[in-house]
Amino acid sequence: MSTEANDRMHPIADNVLRWDKGLTKREYFAAMAMQGICANTNQRLGPRELAETAVKIADHLIQQLNQKQP
């Protein structure tokens, strides 16, 4: 089973039974990375660098999760 960036983290069915609401896994992973970075009082990233770094971490995590395990 692979992890896709645009899969929903916690899908919510609407009245038409589409599962298209809620955060994507990429958005969720980036938010968690951003939270961790912000918790580090020694970080000196501006808003743009913070967002870019969080998204890079999320993308790397998704890539690693999709690697074949030995």
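1. For the packing described below, axes are lines fitted to C-alpha atoms, for helices over the stretch in contact, and angles run from 0 to 180 degrees between N-to-C directions. Please keep in mind throughout that this is a predicted model.

2. The secondary structure of the protein chain consists of two helices and zero strands. Helix 1 and helix 2 pack with their axes 8 Å apart and at an angle of about 125°, which makes helix 1 oblique to helix 2. The crossing of the two, helix 1 and helix 2, is right-handed.

3. On the helix 1 side, the contact is made by R26, F29, A30, A33, M34, I37 and C38, while helix 2 contributes L50, A51, T53, A54, V55, I57, A58, D59, L61, I62 and L65.

4. Which residues make up the largest nonpolar core? There are six in all, namely F29, A30, A33, A54, A58 and I62, and the elements giving two or more residues to this core are helix 1 (25–39) and helix 2 (47–65). In soluble globular proteins, nonpolar side chains tend to be buried together.

5. Turning to the whole chain, 17% of its 70 residues count as buried. The accessible surface of the protein chain comes to about 5,700 Å², and carbon and sulfur atoms account for 55% of that surface.

6. As to contacts in the protein chain between residues at least 6 apart in sequence, 29% of them join residues at least 24 apart.

Definitions and conventions: Residues are numbered from 1 along each chain as its sequence is written. This is a predicted model: local features need pLDDT of at least 70, side-chain atom pairs count only at pLDDT 80 or more; totals for chains, interfaces and linings use all residues. Side-chain values use heavy atoms; hydrogens and water are left out. A nonpolar core is a set of buried Ala, Val, Leu, Ile, Met, Phe, Trp, Tyr and Cys residues joined through side-chain atoms within 4.5 Å. Buried means under 20% relative accessible area, exposed over 50%, partly exposed in between (1.4 Å probe, protein chains only). Helices (H or I, at least four residues) and strands (E, at least two) are DSSP runs, numbered from the N terminus. Contact means heavy atoms within 4.5 Å. Accessible areas come from the Shrake-Rupley method with a 1.4 Å probe; for residues, only the protein chains shown count as cover. Angles under 35 degrees count as roughly parallel, over 145 as roughly antiparallel, 65 to 115 as roughly perpendicular and the rest as oblique. A crossing is left-handed if the near helix is turned anticlockwise from the far one by less than a right angle, and right-handed if clockwise.
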